[in-house]
Amino acid sequence: MAHIKVVRRSMRPEEWTDLRFGWLKRYIYDEKFEIENLKVRDARQVAEMQYEYYPEGWRPLNKGDMYFTPDGTAFFETDVVVPEKLKGKELWFSLKTAAEIIVKVNGKYVGGVDPNRDRILLTPYIDSDFLHFEMEGYNRSKPDDERNPESLSVRGCRQIFEGAYLATINHTVLDLVYDLELLLDIAKSDLFNEDYRNFLNREINNALNLIDFDDLKNEDVASAKKYVDDVIFANDDYKGNGDVALIAHSHLDIAYYWRRIHSVQKNLRTILIQLRLMDRYPDFKYTHTQAYTYEMLEKYYPDVFEELKEKIANGQFEPVGAMYVEPDCNIPNAESLIRQFMYGQHYFREKFGKTIKNCWLPDVFGNSWILPQILKKSGVDYFVSNKMSTWNDTNRFPHNNFIWKGIDGSEVYACVPPTHFITWNMPSQIQENWEAYQDKNQGGQTMSMFGYGDGGSGCTEEMIEVMHRFNKLSIMPKIEHISGQEFLEKNLKDNKNLAKWDGELYLEMHRGTFTTKSQMKRYNRKLEYKLREAEIVSTLRHLKGAEYPHDEIRDIYKKLLINQFHDILPGSHITPVFRDAMADYKEFDERLDKILGTGEKYFNSLNFTRKHLTFIEDENGKSVRYGKQGNWVIPNLPPLSCGEISWRTYAGEWCEIGNKIVTPFYEIEFEYDGSIKSLYDKEADREWTNGEFNKLKLYKDNPGVYDAWDILPNYKDREVEVKIISPLKTIEKNSEVASFECILGTEKSTWKRMIRVFRQSRGIEVENIVDWNEKHVLAKAQFDCNVLTRKAVCDTSAGFIERDTHRNTTWQQARFEVCHHKWVDMAETDGGIAIINDSKYGVGLLENSMSLSLLRATVRPDVTSDIGHHEFSYMIYPHTEDFVKAEINNIAFEYNVPLGKADLTCENSFGELYMQTMKMSEKGNMIVIRLSEQNGRRGKIHLGGKVKLLNFLEDVIEETDTVEYKPFEIITIGIET
Amino acid sequence: MKDYINNIIKPKLQGDGGEIDFISYEDGTLTVLLQGECSKCLIVDRCLSWIESEVMRDMGESVKVVAQKKKPFFWDKD
């Protein structure tokens, strides 16, 4: 029997309602007066507040004209006399646009328009009928996360001007529009009770039946509005449940599909629009992160900044986040994260008299286990993030309101809201948040953030208007609009019922960001240590009478921190952002060289004796590394001191080169491609390899739309053949090192590997010089170790984290690629293998195998990502005993901290802790020394006299002459000068 | 023309997440490769017209710009 599917072609009742709703919206504007004498000037922004103008200059802009250019900023001007019929009325400016436009009238910033809002209330801000408009627009071809479907439809570099108007609003119509916006959202959402939705559909229809759309009368609209009040809002037969706190917030990527220079205006518009909403809605509160964005506003828009200060003082505008920017929280080292708080909090204190109590990072790609301690010692008790609850690809993160315990045992209250941090405050989004909330019984309220982000400029009038109606609806969860900090204190503080998460907040997504844009990661690592060196050298010189370069160091540090923003350093951005960052890095490098200067003697800035083999550049040296002449020597320099380093040529024979390479430590069998077939350890009397070892592996890497961000678990499905262009051959053998070189490649790329074995070191170094021209390829170095273990140990920069190497559970399966810093180690109790790197962060761990991620080749957001020249090295370091006794961490420091020249010495080396920082305090009255326990031990330091114990903000906590420390603790002391 | 596209036009399109590369210029027809955001832009024709007017102003040549689009695999569904 044939089956005929019934297809409804006639209009459904709900469609009839939608149609009439659309018609009603046409009457929002009562009167409109077209501004006809606009002129426009096209430009392109080239630096903060600097523009290159197109040669056409000013031209008239009429309705239907094309405006905006690729990466374009446009300036608009016009003079308008308010027409007689609009005089004395509440006056609005209306402009429908895809761009982000800042509007200034008679010299005052009155607001902004963009795809999310098309009108600005003028009346309170003008005192004349003569209006001089000045506008600046940045075209947003990549709208606001593509979340608002309406903004998607207008994307593109070239836009058609739809006209600008002075207008008045029909508030009767607008009130009903907001009612219907709210009610229709519920009626269309499966998350609400079906009977209630039927009730809504029926009664909305009844209300609209009171309006004749062929002859719309205000009194009919008022009747419909009264019907909604009397019948729908008055109904309380249908009970909802839940308790949701609504937090207004606008996320702002400092750079992403736009350069950092554009965020100055994005930020101005966002803040300005929120200030204007606060003027109209006294109960409206809004949270805004990143001290840097406040700093930019203060620098370039001081008038708006003064208004902002008033709104902060009255509690409507809430600075949150405590950090300088919202950084990536995987790759920056501990000191960088501390500086994010120090510079951020110092700014908030200085300008607003506030120490911010929360860290606010909704968009970052996972959070290192070292963070809770850094928060606590930076005056921060609360942590807010988001991604692991909404973006995890394998496991549902089990908590939303909880306690997060850090690597050292520090605990902070944490909130990871159950739904995305960008919403438009619709009932269905709020209901979804409540449904997804996992701590209903013990966590108090759930947090729902609302507001467009990334230049979408936060909250809109509509979001606030619908919010004011929520409590009229019995079907809605209980709603409260409060500030971020109010939410945290009300629901988390002293809440004994909260669950505890002890470990990193690993994001089960975006695993590629440990590796994408390799050159940036290399520079970042280098500059983090170079800044450390510059501060130590400058402090010691200051003690001898030299001026401390406070401003210069602070400026470089802050700019490095900006480049650690979570869409800059992770590599998820467009080409110009990469160029900006690389230009910055080069500049910092040169400025730091000037600070460091030079000396007669070599200076060991590490607070332990440098006793491992180091490459020292010397134009007469016998060896070459990264293209520079030098010598491999053991410096034997005591901690924090300078000295001469001499090297003598070893006369004996230490390395046999035949089928096997025999060194004082190993018998090695290489393959032609530089991989190691056998690595026999003479001292340990054992073989270290068990499969492919030091093998260069290339895989097709097709993660999908989140190309720069993700590596998928199937990346090993298709391997790309690596050809041997030039097989391994000996290129150097002198008294300290024997070097071997092979050239590998694909059709498009060449990969030179230089492998070094040493007379005086167990390390085997692999230097990589790569000309990379791949698309969608992931390069890894694989090490199948002859080691039986279920855990690998990874450096976090402030202690180590153990990670499972088996895949028993989905949690372990999801962590197939993890972040590490200088080293990763896989060991049995009496020995193992460390891989120490100079610039890599991604590593895969599986059973007995480690795979160091080396390069990627993604095409979104940057088609040119990683194409070009790369240089990096890693060192294979087999060791006896465990990684602590083998001093792997110290060896990794020596591998990453170059030995420079400075004629300086410091008397105290501060025991077994790593001296992370020595600097002059920000006030200039103390030497600040930061010590980090990295081996998981407890102990005591006797300081030989009273010193100040400081927090990370350089506040004095107490005086002491002895410091007790626990595993992984970071301690800051201040010595008055 | 190749230098003009690669040095003057390209940085502007890159600023919007797009990418343009010169392919050929023959008989007044300038053929370019569009990648990135440009490869899926629904109103890219407006941008091509703009390139034509930019070329006219800066190079004094009347050209017809023809685009070849190369979408990444994850956008290439049609």
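User: In this predicted model, what is the handedness of the crossing of α3(A) and α4(A)?
Analyst: The crossing of α3(A) and α4(A) is left-handed. The helices are α3 (residues 171-187) and α4 (residues 194-208) of chain A, and their axes come within 9 Å. The handedness asked for is left-handed.

User: Which residues of α4(A) meet α3(A), and how many nonpolar residues does the contact have?
Analyst: From α3(A), the residues are L180(A), L183(A), I186(A) and A187(A). They meet R197(A), L200(A), N201(A) and I204(A) in α4(A). By class, the contact has one charged residue, one polar residue and, as nonpolar residues, six.

User: Which helix supplies the largest share of the side of domain 2 of chain A that touches domain 3 of chain A?
Analyst: Domain 2 covers 243-509 and domain 3 covers 908-977 of chain A. Their centres are 31 Å apart over C-alpha atoms, and 15 residues of domain 2 are in contact with 12 residues of domain 3. On the domain 2 side, α9 (334-352) and α10 (371-376) of chain A each supply at least two residues. The largest share is seven residues, and the helix that supplies it is α9(A).

User: How many residues of chain B are in contact with chain A?
Analyst: On the side of chain A, the residues that touch chain B comprise 10 nonpolar, six polar and six charged. The contact involves 22 residues of chain A, and the number from chain B is 21.

User: Which are the edge strands of the sheet in chain B?
Analyst: The sheet is open, with three strands in the order β1-β2-β3 and mixed pairing. β1(B) and β2 (residues 29-36) of chain B run antiparallel and are joined by eight bridges. Two of the strands pair on one side only, and these edge strands are β1 (18-26) and β3 (64-69) of chain B.

User: Which helix of chain B lies across β2 and β3?
Analyst: Helix α1 (residues 2-14) of chain B packs on the sheet by touching β1 and β2, and its direction makes about 160° with that of β1(B). The helix across β2 and β3 of chain B runs at about 140° to β3(B). This helix spans residues 44-59 and is α2 of chain B.

Note on methods
Residues numbered from 1 in each chain as written. Chains lettered and ligands numbered in written order. Predicted model: local features only at pLDDT ≥ 70, side-chain atom pairs only at ≥ 80, totals over all residues. Axes fitted to C-alpha atoms, helices over the stretch in contact; angles between N-to-C directions. Helix = DSSP H or I, 4+ residues; strand = E, 2+ residues; numbered from the N terminus. Left-handed = near helix turned anticlockwise from the far one by under 90°. Contact = placed C-beta atoms within 7 Å. Nonpolar A, V, L, I, M, F, W, Y, C, P; charged D, E, K, R; others polar. Domains from an automatic or database assignment. Pairing = 2+ DSSP bridges.
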